[in-house]
Amino acid sequence: MTMTMAEKILAKSAGKKETEAGEIVMANIDVAMTHDLTGPLSVESFEKIGTPQVWDPEKIVVIFDHQVPADSIDAANNHLIMREFVKSQNINNFYDVNEGVCHQILPEKGHIVPGELVVGTDSHTCTHGALGAFSTGIGSTDMAMVFSTGQLWFKVPETIRFEIEGNLKPHVYAKDVVLDIIGKVGADGATYKSCEFAGETVSNMSVSDRMVMCNMAIEMGGKTGLVEPDQKTLQYVQNHSSKSYEIMKTDLDAPSLEKMYIDVDELEPQIACPHNVDNVKGVNDVQGIEIDQVFLGSCTNGRISDLRDAAKILKGKKVNSGVRMLVIPASRDIYRKALDEGLMNIFVDAGALVCNPCCGPCLGGHIGLLGPGEVSLSTSNRNFKGRQGSADAEVYLSSAAVAAASAITGKITDPR
């Protein structure tokens with residue numbers, strides 16, 4: 001029987017020779033991640049189940065990233081709950097307030113390899129499909145069951161494979177490609193499907209760029225995002241992890257496979273406009289809209305390549321006097337690289353605020369929140385009403401290059 005990547009990984013995890021879309025399987029989890037915002041409810045639910053010890057402390061990863069350092073008594077209490085949990089359960093894979101965003105830390109620290117089944121109490125856990133793992137977000141109470149048993153049931157998804165061809169023009173990036181796809185498919189156009197990204201364009205992308213693509217699969221309703229492992233994948237895994245792995249690839253004649261062809265030769269920078277990620281327009285259609293804040297960071301675009309792209313544009317220039325620009329690296333390692341390369345000097349000299357590695361204003365739960373009537377241009381992944389602060393604010397999404405160019409002019413600007 002021919003199968004997709006998603007079907008093959010779920011079959012392996014369920015101890016079966018084959019699965020098909022629509023089938024319900026009980027699968028063994030390889031990696032379970034939770035963080036400071038969603039973890040406490042998982043712990044509370046786990047304690048109600050009554051299992052004294054987690055099924056395997058070495059397969060659980062706990063990361064503080066959403067409200068770090070603690071910005072309220074409630075946040076500080078959440079941190080205390082999780083610190084006590086990892087201590088009492090002998091969980092060694094614990095990353096406190098100084099490491100960075102969970103979806104960057106997991107692959108960076110070697111927790112993700114091809115062929116695994118990964119779950120996390122965060123919707124953007126689909127990011128890790130960039131390394132050929134089936135990775136998806138789950139609820140906090142579902143995670144309590146994973147903590148207790150190491151298993152969870154899944155409905156095997158159908159697959160939509162985006163065959164992306166063409167060469168990206170200067171200042172057009174993976175973020176623009178995935179925004180274009182989301183605009184075409186719609187916010188619910190890939191609901192509960194495995195979103196595979198393939199083709200010449202994806203082959204030419206770095207692992208970091210593939211993470212951008214997979215990160216935003218959830219924004220079109222996807223269950224997971226996936227890229228077939230190639231030499232770039234294996235080199236990344238070799239550099240970061242000592243775990244064994246199994247490479248899975250899609251059989252192109254699999255019954256549940258649907259294909260969509262995308263040509264990016266003429267693609268221009270894309271902007272997701274308020275208040276939905278699928279409200280996508282070319283930058284020329286929204287140029288000139290005045291902004292109050294620029295956020296460069298998040299699990300989508302807080303990597304070293306994003307900081308480099310922005311720094312090239314900002315070097316020797318100043319952030320507009322009417323704009324607050326926040327630069328937040330996705331991890332401590334990225335922060336160090338940016339320091340070593342002099343990128344932080346460029347941002348500080350330009351007048352930007354450089355913050356500690358964390359989720360920042362992305363979720364509207366920490367620093368850099370928007371007031372009523374304010375407009376943000378953000379490199380993050382969501383722009384729902386009230387997402388980054390006031391429900392009367394507006395959030396536009398873009399690449400790092402558009403963000404940097406716009407910070408200088410004080411209005412949405414084409415970096416070209």
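Two strands pair if DSSP finds at least two bridges between them. Helices (H or I, at least four residues) and strands (E, at least two) are DSSP runs, numbered from the N terminus. The model is predicted: local features need pLDDT of at least 70, side-chain atom pairs count only at pLDDT 80 or more, and totals for chains, interfaces and linings use all residues. Residues are numbered from 1 along each chain as its sequence is written, and side-chain values use heavy atoms, with hydrogens and water left out.

Start at strand β9, residues 194–198. Strand β10 (residues 224–226) pairs with β9 in the parallel sense over three bridges. There, E196 stands opposite L226. Strand β8 (residues 159–165) also pairs with β9 in the parallel sense, over five bridges. Here F162 faces F197 as its opposite.

Five of the five residues of β9 are buried, so the strand is largely enclosed by the rest of the structure. Buried means under 20% relative accessible area, exposed over 50%, and partly exposed in between (1.4 Å probe, protein chains only). S194, E196 and A198 point one way, C195 and F197 the other.

Now take the connection. β8, helix α6 (residues 174–185) and β9 form a right-handed β-α-β unit. Right-handed means that, with the strands pointing away from the viewer, the path from the first strand over the helix to the second runs clockwise.

Helix α6 also meets helix α8 (residues 207–215). Their axes come within 9 Å and cross at roughly 25°. Axes are lines fitted to C-alpha atoms, for helices over the stretch in contact, and angles run from 0 to 180 degrees between N-to-C directions. That makes α6 roughly parallel to α8, as angles under 35 degrees count as roughly parallel. A174, K175, V177, V178 and I181 of α6 make the contact with D209, V212 and M213 of α8. Contact means heavy atoms within 4.5 Å.

Helix α5 (residues 140–149) has buried residues S140, M143, A144, V146, F147 and S148. They pack against elements including β2 (31–35), α2 (39–49) and β7 (151–155). Just after α5, G150 has a positive phi of about 75°.

Finish with the backbone. Most residues other than glycine have a negative phi, and most peptide bonds are trans. Y192, in the loop between α6 and β9, has phi near 55°. Y192 is partly exposed, at 29% relative accessible area. The V68 to P69 peptide bond is cis, with omega near -15°.

How values were computed: Parallel < 35°, antiparallel > 145°, perpendicular 65-115°, else oblique.
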